[in-house]
Amino acid sequence: SSCRAIASSRGNAAGTGPAAARAAGDPANPFQGMTVAGLAHFRALQLEAPQAPSAATVVADQIASEALAAVKSAAEASVAANAKAPVASEAAEAIKNAAEAAEAAKAKAAEVGSRSSSRSRLGRGMPWRMSSTSKSVRLGRGFEPKEQAPQQGADSGSDTDSSDERAFAEVVAKAAPPRWAAVPQRKAQVQQPKAPPPASPPPPPPAPAAARPPPPAPAPRANSTAPRRLHSPPPASAANGAVGAKGTTGANGSARSLSAGDRQANDPTNPFVGFTMAMLHGFRAAQRRAVEDAERHRRTQEEKRLAAAREQQNRQLHGSATSPHEATTGTGVAWVGREVAFRTSKHEKGDRGGRWDAGAAGALAPIVEADQHAPSWRQKLQAVQRLLCEGEPSSELVAGIAVYLYWIASGAIGCAEDGTHYRPNHHAKAARASYEALENLHAGSAAWAAARRVHTRLPSFSDEYTKAEPLTRIRDIAHGKGDKHGKCREVRQEIKHTIQNKLHRCAGPEDLIATEKMLAKLTAPGTDYPEEFVNEFRIFYRELQEFFNASGLEDRLGGLQGKLGGDAPAAIDAFLSAKRAADAAGTGEPGLALSALEALERARESIVRELPSASDVSVRQSARLADIGLEEHAFVLLSQVIGAAEAGLANAPALCQALERAAKVLSGSSTRSGEAVRVAELAATGDAALAGAAARELAGALADDAEGLFGPAARALGSALGIEQRVVDVYVESDVRGSVVYQLGRLADLLLKEDRAASGAAAVDCLVAGEAVGLLRCVPRLEPGCVSADEGPHVCLVAAADGDEEVGAAGGSVVGVVLCHDMPHLSHLALRARQEGVVTATCEDGGRLNTIRAMEGTPVRIVASAEGVTVVQASPAELEQARAAWLEKTRANAPGAGATAQVMQPPPPADETFAGQMLFGPSIRAQTCGAKSAACARLSDLALASGGAFAAPQAVALPFGSMRAALSERELDSLDDALARAETAEGPELDDACERLQAIARTARPAEAALRVAVSVLGSNSLAVRSSANVEDLAGMSAAGLYDSFLNVPARDAHDVAAVGEAAAAVWASLYTRRAVLARRAAGVPQRSANMAVLMQPLVDARASFIMMTSNPITGDSGQCYLEMAEGLGETLASGNTRGKPWRVTVGEDSSVATLAEGSMAAALVAADGGGLVEAAADGSISGQILSDEGSRVALCRRGGGGG
């Protein structure tokens, strides 16, 4: 009946109606038309079956395959069409062609039939009879040939008029094939004709007529319960076009219940039944798919209608189109749990599915174990209460609870009734205890930040929900309040059993979903429920929202009026007025959104300030939720400003104001409050470059914090609780994208784009010029193992770098790098990449980065030069050519490759004659203390001899061998053993060897007497304790930044030199870091030949620093000096840790100065009071504007570049 309903609906859609759909050959019914066409061909072929059964089988099989393909094509075209017009143009054309072919076949059959015997009749209602020697061919999926006894009768055994029969077959078989077979087929969707099967042996001779029993009666078709075999694989005999006896019944002889429209196709006197049923099954399967698609379309339209109704309802309730339930989290909690169904009778204890693998949860196992024994929402809340109140919870546990409660609220973790009756006041009491535990967490900690996501998932514990019988209005509604005339009896039963009883015995998040669904039903267009009844239900809905803490922001702020003191009421009123104005204007008036953001900031500050003084704990909960809700609404207001900017309605000053507000919002809720305050201060100056760079760095850091806090928790709990992987994957991303952090990053991008447009700077930058082809891989960082050398060469798109990475150690297969943020050209990373010949560029344009990411896993070509950077698709042939060249270079650079090895200059031998002594002045030589120490000592001597032309700090050094001299024999043996292992070790064994080497080096201490001499000679309160190795500044291995130096080491007293000795030991230990060992191995330098001296100098507390190369590294012009400058110490530039561009300047031989890029570094590294370095705002105050003032900058550059 359902299939007939489908056919009827198709007939109606085509304008033909149910009756016409049942007629044979009706264009609205492709099954009927195709059946008649195929039947004419098939019957003609049957006439030839006795003489050539295998040939008939082959052709019939082809006809069946083509027919099925045409059916599928027509049906799938219907599915692809609009659901309101299922018979699409392509399907209709195919059907029309089928009907025309049927008529042509019937006409030719009639022409021959007029000259044939009475046994050769063809037509509806006229039994078809064959000669006694003929067999009927039964085809189709799921139908096996069924042999039955031959018929007895007057025609039995007669073989007369065989020539007429053959003539009939010849005429019909030569007729033009059905036009529907020529319809273009979808290759991926249509079954192609099967290959011809092997020839079958001829059938056995017929039995004598007298031996034939009477034919069996046709199987009954009514009241059949036999299952339909719609998708069973075809048996071998059927697939090969097996020959069977005449007079079969139904499918495999089984009884079937068919509608009137199907009876002709399944008539037991119809030898075409197998083919017919095969087509029927294919068509009905396609029909089912079409109906399923139509049903999905209908549900989508229904959801849209309900959403529109809900939006109208929300506007009536609280003046906003956003659902209060969605407004709770800013982005909303999309319900992914079971669909709520209305019930009209008692519902017993529910059955929740699930998995509880505590072993997969790690430190979050207590959550998994608690959930296993807590089916109901009440029990889950009480479990959370226990976890939070048993000592101070860790940030990991609080983050896990936040994820856990989020998934409960969304239905990803289902709640089930536990068979008990507990009213919602028990839920409220558990929530109160959890709230108090969360408020006791240290402000600014990671656990405190995670707790903000827990607060929004706890129910309210105000007085009306902690009393013995809360939420009683729903009981009155179910008993008839507002339904004076009894018009709502049926819906009241649904309310009683779906909401009232369930809520009062075992409340859960699904009750809010059920209530929203019921309200949509009561207020749907076309309904006429009593207004008083509907209004009562609306009031209950608001009460339930308040219990679930799902009220809208305006309702929550309104509820706080009169409950908070100070200026909070006035600030709330001011914000609500500004919010309504901004909401009404949308993106067209960014000024109103900025005003609302300013009012939001004041309201939030007032609420947080008054929160601790509120006497009622439930008011404090409401205030905390208002604080969080205001932060989340800032996301909406910032979206309006960003939308206006993208539409050209907001300029850089407006974006700076928005950025300042966003940073202030984050300063009150993140673990990086100080950094957020600094971004706000930079934004207040209006400097788009500085503010944008600082904001981008902060957004990246906060996003990393969120991933580090919630990502592991979501993955661990998802695995342990069997949460769908898709839900797990999107959790952290949605958390970040739905927060102000996401808007902070967007504002940063817009500001930097504005700055580039103003200055003419490009969004891409070349660090190391060249061209390379490789397989693109996106990696978070350049680190060992980030790419597989087996599939090299690689071009890596790197998310982040700190400037100290060793490109070669990341894998010798890396031939190109695109970094997703700016990097100084003369940073350690850039210098190493230049030395290793790795083409390197940076890109800060989000659109271009997305284009590059889309090519991951494919061959790309990177071309970088001073003119620009391009990354384009490369051909497989180009990749193979590049792979061959890379493999040849790899073999040439392998250890033992002789003169072709990468390191042309071996490390100089280390002279350990003065090991353990402190050397000064001319005694510091490269052979004893390294090239760096020797150069610095020489520079100091030159400064003394210059007569004050320039100054340079004095140098002293601990020479090579001093570390070994400070170790015992036992420690030396351990050191040498670990060095031997580090030479060839890989993986964990290498890590273990490096850790052992560093541990031994850190225990060594220079002689205290030597340290006192150094401190006395240098005469400075703070020192720079620097590395100076014999395995750096070599041809083939610069090792820039490979070893550690320590700045601002306290040295106030010659009698207290412990800090200096500890710093010297740390310098020694840096010789054995994993990346240092791998770098030397890649360069062919034996580990045992590496030696480290320690250079000590007074720290110059620089206002500004520069790195200079006397030949332009980008263009190769030896007539230009290239400088990069920044505020603060030189480590700001060298490390590459500070985001943003340095000042980039060239100085020509004629003293001409050209500024290539203005500085946009948001922070600078400066000396801290207690030792070490600290970041400070790079706003010009450190350098005294020496860089931003053009005259001062040009004079400085000319002096540094050697001119003027």
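# Exercises on a predicted model

Leu 637 touches Ala 582, Ala 593, Ala 596, Leu 597 and Leu 600, leaving aside residues up to four places away in sequence. The structure is a predicted model, and the exercises below start from this residue.

## Exercise 1

Task: State in which helix Leu 637 lies, and decide whether Leu 637 is buried or exposed.

Solution. 
- Step 1. The residue belongs to helix H24, which covers residues 617-646.
- Step 2. The relative accessible area of Leu 637 is 0%.
- Step 3. Buried means under 20%, so Leu 637, at 0%, is buried.
- Step 4. Thr 587 stands 50 residues from Leu 637 along the chain, and the C-alpha atoms of the two are separated by 9.0 Å.

## Exercise 2

Task: Find the order of the strands in the sheet of seven strands, and name its pairing.

Solution. 
- Step 1. The sheet is open, and its order reads S3-S7-S6-S5-S4-S8-S9.
- Step 2. Its edge strands are S3 (764-768) and S9 (868-873), each of which pairs on one side only.
- Step 3. From one strand to the next, the twist averages 30°.
- Step 4. S4 and S5 run parallel and are joined by five bridges; in this pair, Leu 776 has Val 795 of S5 as its bridge partner.
- Step 5. S5 also pairs with strand S6 (residues 814-819) in the parallel sense, over five bridges, and here His 794 stands opposite Val 814 in S6.
- Step 6. S4 and strand S8 (residues 859-865) run antiparallel, with six bridges between them; Ala 772 is bridged to Ile 862 in S8.
- Step 7. The pairing of the sheet is therefore named mixed.

## Exercise 3

Task: Say which strands of this sheet helix H31 touches, and across which strands helix H30 lies.

Solution. 
- Step 1. Helix H30 (residues 828-836) lies across S3 and strand S7 (839-843).
- Step 2. The direction of H30 is at about 60° to S3.
- Step 3. H31 packs on the sheet and touches S3, S4, S5, S6, S7 and S9.
- Step 4. Between the direction of H31 and that of S5 the angle is about 140°.

## Exercise 4

Task: Describe the second largest pocket by its volume, and state which element gives the most residues to its lining.

Solution. 
- Step 1. The space in this pocket is about 1,900 Å³.
- Step 2. It is lined by 48 residues, and the closest to its centre are Arg 696, Ala 699, Gly 700, Ala 703 and Arg 853.
- Step 3. Elements that give two or more residues to the lining are the helices H27 (688-721), H28 (725-737), H29 (740-759) and H31 (846-853), together with the strands S4 (770-779) and S5 (794-798).
- Step 4. H27 gives the most, with eleven residues.
- Step 5. Sorted by class, the lining holds 20 nonpolar, eight polar and 20 charged residues.

## Exercise 5

Task: State how many cavities of 30 Å³ or more are counted, and describe the lining of the second largest cavity.

Solution. 
- Step 1. The count is eight cavities of 30 Å³ or more.
- Step 2. The second largest cavity has about 110 Å³ of space.
- Step 3. Of its 13 lining residues, Met 963, Arg 964, Tyr 1072, Ala 1090 and Asn 1091 are the closest to the centre.
- Step 4. Helices H35 (962-965) and H36 (969-984) each supply at least two residues of the lining, and H35 gives the most, with three.
- Step 5. By class there are seven nonpolar, four polar and two charged residues.

## Exercise 6

Task: Decide whether Gln 998 is buried or exposed, and list the residues that Gln 998 touches.

Solution. 
- Step 1. Gln 998 is part of helix H37 (residues 987-1003).
- Step 2. Its relative accessible area is 13%.
- Step 3. The limit for buried is under 20%, so Gln 998 counts as buried.
- Step 4. Not counting residues up to four places away in sequence, Gln 998 touches Ala 1069, Tyr 1072 and Thr 1073.
- Step 5. One of these, Tyr 1072, is also named among the residues closest to the centre of the second largest cavity.

## Exercise 7

Task: Give the strand order and the pairing of the sheet of four strands.

Solution. 
- Step 1. This open sheet has the order S15-S16-S17-S18, and its pairing is antiparallel.
- Step 2. The edge strands S15 (1104-1109) and S18 (1153-1157) each pair on one side only.
- Step 3. Direction ignored, neighbouring strands of the sheet are turned by 25° against each other on average.
- Step 4. S15 and strand S16 (residues 1120-1127) run antiparallel and are joined by six bridges; Met 1109 has Tyr 1122 in S16 as its bridge partner.

Notes: Residues are numbered from 1 along each chain as its sequence is written. This is a predicted model: local features need pLDDT of at least 70, side-chain atom pairs count only at pLDDT 80 or more; totals for chains, interfaces and linings use all residues. Side-chain values use heavy atoms; hydrogens and water are left out. Two strands pair if DSSP finds at least two bridges between them. Axes are lines fitted to C-alpha atoms, for helices over the stretch in contact, and angles run from 0 to 180 degrees between N-to-C directions. Buried means under 20% relative accessible area, exposed over 50%, partly exposed in between (1.4 Å probe, protein chains only). Contact means heavy atoms within 4.5 Å. On a 1 Å grid over the protein atoms alone, a cavity is a set of points where a 1.4 Å probe fits but cannot get out, and a pocket is an open set with protein on both sides within 12 Å along at least five of seven lines; lining residues have an atom within 4 Å of a point. Grid points are joined across faces, edges and corners, and a volume is the space filled by probe spheres set on the points. Ala, Val, Leu, Ile, Met, Phe, Trp, Tyr, Cys and Pro count as nonpolar, Asp, Glu, Lys and Arg as charged, and the others, Gly among them, as polar.
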